[in-house]
Amino acid sequence: MNKQRLFLFIPLAIFVLLGVLFWRGLSLDPNEMPSALLNKPVPAFDLPVLPAPENPQGLVSANQDMLKGKVSLLNVWATWCTTCRQEHEFLNTLKAQGILIYGINYKDNAEDAQRWLAELHNPYVFSVVDEEGRLGLNLGVFGAPETYVIDKQGVIRYKHIGDVNQNVWTKVLDPIIKELQTQ
Amino acid sequence: MCATLIRLCTCLGLLLLSFSSFAAIEVHEFDNDVDRQRYQTFIDEMRCPKCQNQNLAGTNSPIAEDLRRELVFMIKDGKSDKEIVDFMVERYGEFILYRPRLSPATLLLWGAPVFLLVFGVIMLLLIVRKRRRLDVAVDAGLSSTERERLASLLNPPSNKETAKNADKKSKQEKQ
């Protein structure tokens, strides 16, 4: 084969390379971003607790230390978030299974939030009111719902963006929690 | 003619213009122009985490509003540029920077243009040198007799004679 002729294949090679890259790009989810806070403690906060009959007696405000001790989920929710409504029922079933879920009522109206919990049941141990979204910002939240897995030391071990459903639970969250519980 | 050309150029120019949109409508007061300029640079160069192809300046999404407010707080607090960028990256990852920092992961990104430029210049020089050598080779390829012949072809002794000869030749060929 003539050596010069081989150069004619360069455009084809470039095309194939780009084709592979773009094809791969099609199957990537641009919303999937690793949490920057992974394996770091939950950022410090001291926020009022959303009043609810299920809350621990006399609890008015909460801070990051109250999440320590047991493996738990930290769920960012709001009444304006339609996906939160979708996942709410599943959170209720998780609570029935004995999973600890803490809530962050993110940039929401407290009255609406209380009504929401009364009507749809309250899956949370308690929810803190993050009206300005500053805790959310410190957590790197950019939308609701988002769910964090917190280990016994209060360290963030996983971040799930989007609703928690049976599929996500059995495939992703449950195995992580089971593993963390053995530690 | 000239007027049409100018009009055409203006149209083309307008076509290529693009203005970045600014949706940030809140009013933030700064003590000095430097801080205002820093704020503007930050919201221009940071990406909205929710609306991924817009900068913080270009969107009204609640998260962008929060981030802009946080930027104002930090600038007024007297935080340095590095502290502010670190704060954002710590929460939202490198993703938030439209101008990525130089790191092993972004080395290719930053290095590629320089590499390609150097590569291009080298290729250009090689090609030019090769061409020049070829030209020299063609020049040297003519022997002295060939040169004489070339000169006689280029400067015929008399034009009429050659014309006549050519006429004769064509007649002969016809016959």
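This is a predicted model: local features need pLDDT of at least 70, side-chain atom pairs count only at pLDDT 80 or more; totals for chains, interfaces and linings use all residues.
Figure 1. Of the 183 residues that make up chain A, 32% count as buried. The secondary structure of this chain consists of six helices and seven strands. Read from the N terminus, the elements of chain A follow the order α-α-β-β-β-α-β-α-β-α-β-β-α. When contacts in chain A between residues at least 6 apart in sequence are considered, 72% join residues at least 24 apart.

**Figure 2. Helix α2 of chain A.** This helix comprises residues 10–26 of chain A. Helix α2(A) is hardly covered, since the count of buried residues among its 17 residues is zero.

**Figure 3. The largest nonpolar core.** The largest nonpolar core contains 50 residues. Those with the most contacts inside this core are Tyr106(A) and Ile150(A), together with Ile43(B) and Leu56(B). Helix α3(B) provides the largest share of the core, namely five residues. In soluble globular proteins, nonpolar side chains tend to be buried together.

**Figure 4. The side of chain B that touches chain A.** Here, 13 residues of chain B are in contact with 12 residues of chain A. On the chain B side, the elements that give two or more residues are α3 (62–76) and α4 (81–92). By class, this side of chain B has six nonpolar, five charged and two polar residues.

Terms used: Residues are numbered from 1 along each chain as its sequence is written. Chains are lettered from A and ligands numbered from 1 in the order in which they are written. Two residues are in contact if their C-beta atoms, placed from the backbone, lie within 7 Å. Helices (H or I, at least four residues) and strands (E, at least two) are DSSP runs, numbered from the N terminus. Ala, Val, Leu, Ile, Met, Phe, Trp, Tyr, Cys and Pro count as nonpolar, Asp, Glu, Lys and Arg as charged, and the others, Gly among them, as polar. A residue is buried if 20 or more other C-beta atoms lie within 10 Å of its own, exposed if 12 or fewer, and partly exposed in between; C-beta atoms are placed from the backbone. A nonpolar core is a set of buried Ala, Val, Leu, Ile, Met, Phe, Trp, Tyr and Cys residues joined through C-beta atoms within 7 Å. The expected span of a helix is 1.5 Å times one less than its number of residues.
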